[in-house]
Amino acid sequence: MISGLALIDMNNFYVSCERLFRPDLQGKPVIVLSNNDGCAVARSQEAKDLGIKMGDPWFKIRTEYTRAGGIAFSSNYTLYGDLSARIGDVLGTFSPDVETYSIDESFVRLTAMTPAALIDQARAMRSMVQQWIGIPCCVGLAQTKTLAKLANYGAKKRLVDSSGVLSLLQVDQRQAVMARVAIADVWGVGPASATKLAAIGVTTAADLAALDRRRARQLLGVVGERTAAELAGVACLPLELAASAPQGCAVTRSFGRPVTSWADMEAAVANYATRAAAKLRRNRRAAGVVQVFMHTSPFRTADTPYSNSAVMQLAEQSADSRVLIDAAVVLAGRIWRDGYNFSKAGVILADLVDADRIQQSFLSNTDRERAGVLMETMDRINRTMGAGTIVPGSAGVRRQWAMRAERRTPRYTTQWAELPVVRA
DNA sequence: TCTGGGGTCCTAGGACCC
DNA sequence: TCTGGGGTCCTAGGACCC
């Protein structure tokens, strides 16, 4: 038996999810916007052809894009997350060894008798996701994660053929493809590293694979050394089958319009703390440190800039919304200044531990059992009746600062009330 | 009017200690 | 003349990812 590592990556995932329920959008330019309808984060091929770039601000491209017939959606993470989970189920039928790397890509360890059989499996995986879930995708097959990413890139860019599956298991094929991939397109090589490498004449993936390992380390640190080794076929990055417990947890948002009053800021920060606390409990974690930041818009040059943050160590780690809200509001109060147009704020929880391994403080007088029951009840109600059904009073009822999502599609697959309707 | 959000890992440098 | 050296721990910031 031989084995290979497959990277399966959805094509324009968010756009493909929207198109699934709007088949009339096939062949048209479609983009999905970031939170707050800020900028383009996913583009269909037709939108790319119109010159829409990743991260283009919506307000700048809006007029021209819509005039050209382009469609835009607010992001609908509930929908994307649900489809992502369904894709995971399909992948699980191919191998027990699946690492869900992000919402739209997974590494899958495939085993077979021959290299040809391995490629057949990769092809079957691609077509099953397309047929059962309806999302187009590409598969890259190789010996290491970095090479599998590169193979996937090659499949997407059709460097060898347009089948959507590319194997780099064979050395000659690998060399030929790597020589055609620019160094900046290698997984793990960002703009800073690409510049350093270009300065010593390393401009392709093949160049980095051939670079002396010590030189790579000296120039880029262990991360660069690992990337070079992985490109040469030496696996350094293991498959991570079990999702590791989160080390931090943040809820940060730009405001739909500038926040200028303490009442609004207090409500926003309380609201973010509430959501962060719920996220914490979902992961069965508790936080030891709370941090709050706020700042004015870096883009509004006419405004006086202000940016600050404050941190607090809790007497005892907690996942209690009330404790975390209190801490966050106190911190926000410390850095709040009148007279500024705030564009964004956030609550960051750190120093996370397992919820059942909380260090009990001698000073603590919290009735933990009662607090736990209260939080559990609140989470259950929000889970069954819909998020936000009950929130602590401080989290605000009138939310003028709330982010924009003017173009969100229905949550087709997770809300009974939003199921797609089929008519004759 | 209007420019995303949420992560991880690594490194350099300071504080502190013996 | 000559002013230690090595270890640990912590933190802020950089770099990268989707």
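Reader: Which helix gives the most to the surface near DNA strand C?
Author: In this predicted model, α8 gives the most, with three residues. A residue is near a strand if one of its heavy atoms lies within 4 Å of it. Helices (H or I, at least four residues) and strands (E, at least two) are DSSP runs, numbered from the N terminus.

Reader: What conventions apply to the model and its numbering?
Author: Residues are numbered from 1 along each chain as its sequence is written, and chains are lettered from A and ligands numbered from 1 in the order in which they are written. Because this is a predicted model, local features need pLDDT of at least 70 and side-chain atom pairs count only at pLDDT 80 or more, while totals for chains, interfaces and linings use all residues; side-chain values use heavy atoms, with hydrogens and water left out.

Reader: Which residues come nearest to DNA strand C?
Author: Of the 13 residues around DNA strand C, the nearest are S102, K149, G188, G190 and S193. Sugar and phosphate make up 100% of the atoms of DNA strand C that come within 4 Å of the protein.

Reader: Which elements each supply at least two residues there?
Author: Those are β5 (98–102) and α8 (191–199).

Reader: What polar contacts are there with DNA strand C?
Author: A polar contact is a pair of N or O atoms within 3.5 Å; within protein, one must be able to donate a hydrogen and the other to accept it, and residues adjacent in sequence count only if both atoms are side-chain atoms. A polar side-chain atom of S102 lies 2.6 Å from a sugar or linking oxygen of DNA strand C.

Reader: Where does β5 stand in its sheet?
Author: The sheet is open, with five strands in the order β5-β6-β1-β7-β8 and mixed pairing. β5 and β8 (165–167) stand at the edges with a single partner strand each, so one side of each is left without a neighbour in the sheet. Two strands pair if DSSP finds at least two bridges between them.

Reader: How many bridges join β5 and β6, and in what sense?
Author: β5 and β6 (residues 105–112) pair over four bridges in the antiparallel sense. The bridge partner of T100 in β6 is S106.

Reader: Turning to DNA strand B, which residues are closest?
Author: 25 residues surround DNA strand B, and the closest are A250, T252, R253, S254 and R300. Sugar and phosphate account for 74% of the atoms of DNA strand B within 4 Å of the protein.

Reader: Which element gives the most there?
Author: β9 (249–259) gives the most to that surface, with six residues.

Reader: What lies by the phosphate oxygens of DNA strand B?
Author: An N or O atom in the side chain of R226 is 2.8 Å from a phosphate oxygen. A polar backbone atom of A250 is 2.7 Å from a phosphate oxygen, and a polar side-chain atom of K279 lies 3.1 Å from one.
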